[in-house]
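I've got one model to walk you through, so let me put it up.

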Amino acid sequence: MKNTEQVSYIRGLAEGLELDENKKEVKVLNAMISLLDNMALSISEMESKVNDLGDQLDAVDEDLGSLEDDFYDSEEDEEDDTSTDEDSDGCYYEVTCPSCHETVCLSKDLLQNGQMECPNCGETLEFDLDEHDDSDHDPQNSDD
Ligand SMILES: [Zn+2]
């Protein structure tokens with residue numbers, strides 16, 4: 001039962017007593033009921049205002065969240081664009097290990113070495129980016 005409903009209930013009980021409103025005790029009782037009535041109304045008004053404030057705060061929080069997402073996303077995009085050339089930790093090229101089929105992420109430095117060990121199975125991976133070279137038909141002769 002809400003506070004306002006409870007006050008109405010108490011008022012109804014008091015009226016049911018058919019008290020003499022001219023008696024001093026009854027005046028005190030009626031004054032108290034009237035005060036309860038006002039307080040209950042004030043409280044319910046405050047509750048609805050607090051709820052409104054909460055809704056507004058949620059809306060502000062959501063807006064701020066999406067602003068933060070946009071802000072940090074664009075920051076990261078810019079960093080990605082510039083880091084590809086300079087940051088050797090970045091994933092510059094991907095190869096699939098023929099032995100375990102693990103996708104291995106190569107940095108530019110590793111790519112220039114021409115080979116590396118698969119971090120998953122240890123298989124030596126070789127990669128040749130000189131695709132202009134017709135090495136398919138004419139394998140390179142190595143003089144050992
Ligand atoms: Zn492997």
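First, how I'm naming things: helices (H or I, at least four residues) and strands (E, at least two) are DSSP runs, numbered from the N terminus. Residue numbers start from 1 along each chain as its sequence is written, and side-chain values use heavy atoms, with hydrogens and water left out. Keep in mind this is a predicted model, where local features need pLDDT of at least 70, side-chain atom pairs count only at pLDDT 80 or more, and totals for chains, interfaces and linings use all residues.

So, the overview. The chain has three helices and four strands, and from the N terminus on they run α-α-β-β-α-β-β. Of its 144 residues, 11% count as buried. Buried here means under 20% relative accessible area, exposed means over 50%, and partly exposed is in between, with a 1.4 Å probe and protein chains only. The accessible surface of the chain is about 12300 Å², and 46% of that belongs to carbon and sulfur atoms. Those areas come from the Shrake-Rupley method with a 1.4 Å probe, and for residues only the protein chains shown count as cover. On contacts, meaning heavy atoms within 4.5 Å: among those between residues at least 6 apart in sequence, 23% join residues at least 24 apart.

Now the metal. Which residues hold the zinc ion? It's coordinated by the SG atoms of C97, C100, C118 and C121, at 2.3 Å. Donors are N, O and S atoms within 2.8 Å of the metal (3.2 Å for Na, K and Ca), and water is not among the atoms, so sites may look incomplete. The angles among the four donor atoms are 105 to 111°, and the site is tetrahedral; for four donors, that label requires all angles between 85 and 135 degrees. Along the chain, the donors follow the spacing C-x2-C-x17-C-x2-C. C97 sits in the loop between strand 1 (93–96) and strand 2 (103–106), while C121 is in the loop between strand 3 (115–117) and strand 4 (124–126), so this pair ties together parts that are 24 residues apart in sequence.

Are those two cysteines buried or exposed? C97 is buried, at 0% relative accessible area, whereas C121 is partly exposed, at 38%. C100 is in the loop between strand 1 and strand 2, and it's partly exposed at 27%. Leaving aside neighbours within four places in sequence, C100 is in contact with C118, N120 and C121. The C-alpha atoms of C100 and C118 are separated by 8.8 Å, with the two residues 18 apart along the chain.

While we're here, look at E123. It's in the loop between strand 3 and strand 4, partly exposed at 34%. Not counting residues up to four places away in sequence, E123 touches C97, S99, M116, E117 and C118. Its C-alpha is 8.5 Å from that of C100, which is 23 residues away along the chain.

Most residues other than glycine have a negative phi. H101, in the loop between strand 1 and strand 2, has a positive phi near 60°, and it counts as exposed at 60% relative accessibility. E18 also isn't a glycine and has a positive phi of about 50°. E18 lies in the loop between helix 1 and helix 2 and is exposed, at 71%.

How many salt bridges does the count come to? One, where a salt bridge is a side-chain nitrogen of Lys or Arg within 4 Å of a carboxyl oxygen of Asp or Glu. The side chains of D37 and R11 form it, at 2.9 Å, N to O. D37 is in helix 2 and R11 in helix 1, so the pair ties together parts that are 26 residues apart in sequence. Both are partly exposed: D37 at 24%, R11 at 31%.

Helix 1 (3–16) and helix 2 (24–86) are the elements giving two or more residues to it, and helix 2 gives the most, with five. L35, in helix 2, is partly exposed at 49%.

How values were computed:
Four donors count as tetrahedral if all angles lie between 85 and 135 degrees; four count as square planar and six as octahedral if opposite donors are over 155 degrees apart and all others between 65 and 115; anything else is irregular.
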